[in-house]
Structures are given as C-alpha cells and as structure tokens.
Amino acid sequence: MSESDWDTVTVLRKKPQKSSQLKSEQAVNQARRSGVQVDTSSKYGAATNKQQGTSLNTAKLDRETEELKHEKITVDVGRLIQKGRQGKGWTQKDLATHINEKPQVIQEYEQGKAVPNQSVLGKIERAIGLRLRGKDKGTPMQPPGSKKK
C-alpha cells in the first residue's frame, strides 16, 4: 500500500430535497436562520375533519325538535325472522352464514335493535322465504321466476 491511497478524497453530494422535506418545520427554521424569506399560507379548512356542504337531512334535522333516534326494525319483523328461521330448523348462526352476515346482525334484527338495512332485509327474506317488508309482511315469497297473476 502506498502513501497516496490515503490522500484520495471522495465527495458525497447531498441529494436535492423533496418538496415535502422543504415544508418540514426543520427546513423552514433553517431557511429563517439563513435569512431567506419564508412564505407561509394555510388553506381554508385544512387539517380539519369538516365536510363541506349540507345535505337535505341536515336541514330536516335542524327543523326537528325532539330527541332524534334512528328508525329501528319493529319487533314484529324480528318475530317473523325468528319464525321463518325456526321453520327451517336454523340457528341464528346458520341463517347468518347463509346470508353472509355476522350472527350478531341476525340477533339484532330479531331483537328489534337493528337499524334496517334494505340489502340485509332482502337477503334474509330470500333465505327464509318470508316477506319482511311492504304491506304483505309474513306472507310466503313467490319462488323466483313465477309471476303473480
């Protein structure tokens, strides 16, 4: 090994900073220290979890005066689900598996605690073969393909 090997100097260049790094607090303070003019501006409503715009429901809620609660499924619909399920000899878990929902969902519907979801109600209707919505609740559903005359 010769003496000249130790004299070589390698210069590592720093990569230019990304725009996200330029905005960091550290970079801003560095710029302030070096006397560069720093422009700070905040966008309106930035970094808040506010959604803009009012929906029709908001106005309806504003006009409403009494305590507001979501519509819950009625107890008679819960009983119909229970009746239809037991008619097929299914447990709540069996029905839940059949319609790809959690057993807890079936339990809430049967107890009348669930907020009605039309897609879930439709799946339960088809699984147990009883109507749960409309004026003819509790009547057996027509098999698919057969039209009423």
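This is a predicted model: local features need pLDDT of at least 70, side-chain atom pairs count only at pLDDT 80 or more; totals for chains, interfaces and linings use all residues.
**Entry 1: R85**

I looked up R85 first, and at 7% relative accessibility it counts as buried (buried means under 20% relative accessible area, exposed over 50%, partly exposed in between, with a 1.4 Å probe and protein chains only). R85 sits in helix α4; helices here are DSSP runs of H or I with at least four residues, strands are E runs of at least two, and both are numbered from the N terminus.

Residues are numbered from 1 along each chain as its sequence is written, and side-chain values use heavy atoms, with hydrogens and water left out.

What does R85 touch, leaving aside its neighbours within four places in sequence? I found W90, T91, Q92, L95, E110 and I128 in contact with R85, contact being heavy atoms within 4.5 Å.

**Entry 2: the partner of R85**

I use the term for a side-chain nitrogen of Lys or Arg within 4 Å of a carboxyl oxygen of Asp or Glu. R85 belongs to helix α4 and E110 to helix α6, so this pair ties together parts that are 25 residues apart in sequence.

Buried or exposed, what are R85 and E110? Both are buried; E110 comes out at 8% relative accessibility. Apart from neighbours within four places in sequence, E110 has G78, I81, Q82, R85 and Q92 in contact.

**Entry 3: the other salt bridges**

How many salt bridges does the structure hold? I get 3.

K123 forms one with E101, and the closest N and O atoms are 2.9 Å apart. K123 lies in helix α7 while E101 lies in the loop between α5 and α6, so the pair ties together parts 22 residues apart in sequence. K123 is partly exposed, with a relative accessible area of 25%, and E101 is partly exposed with 25% as well.

E125 and R133 also meet through their side chains in a salt bridge (2.8 Å, N to O). E125 counts as buried at 5% relative accessibility, whereas R133 counts as partly exposed at 29%.

As background, I jotted down that side chains of opposite charge can pair when their charged atoms come close.

**Entry 4: the core**

Next I went for the largest nonpolar core, which has 18 residues. Such a core is a set of buried Ala, Val, Leu, Ile, Met, Phe, Trp, Tyr and Cys residues joined through side-chain atoms within 4.5 Å. Which members touch the most other members? They are I81, L95, Y109, I124 and L132. Two or more residues each come from α4 (75-87), α5 (92-98), α6 (103-111) and α7 (118-128). The largest share, 5 residues, comes from α7.

Leaving aside neighbours within four places in sequence, Y109 is in contact with I73, G78, I81, A114, V115, P116, N117, V120, L121 and I124.

**Entry 5: α6 against α7**

I checked how these two helices pack: the angle is about 90 degrees, and the axes are 12 Å apart. Axes are lines fitted to C-alpha atoms, for helices over the stretch in contact, and angles run from 0 to 180 degrees between N-to-C directions. α6 and α7 are therefore roughly perpendicular to each other (65 to 115 degrees; under 35 is roughly parallel, over 145 roughly antiparallel, and the rest oblique).

Which residues meet there? V105, I106 and Y109 in α6 meet V120, L121 and I124 in α7. By class, that contact has 6 nonpolar, no polar and no charged residues. Here Ala, Val, Leu, Ile, Met, Phe, Trp, Tyr, Cys and Pro count as nonpolar, Asp, Glu, Lys and Arg as charged, and the others, Gly among them, as polar.

**Entry 6: I73**

I73 turned up among the contacts of Y109, and I located I73 in the loop between α3 (56-63) and α4. I73 is buried, with a relative accessible area of 8%. I73 and G112 are 39 residues apart in sequence and 5.0 Å apart in space, C-alpha to C-alpha. Not counting residues up to four places away in sequence, I73 touches Y109, G112, A114, P116 and L121.

**Entry 7: stepping back**

The protein has 7 helices and 0 strands. Of its 149 residues, 18% count as buried. Among contacts with a separation of 6 or more, residues 24 or more positions apart account for 46%.
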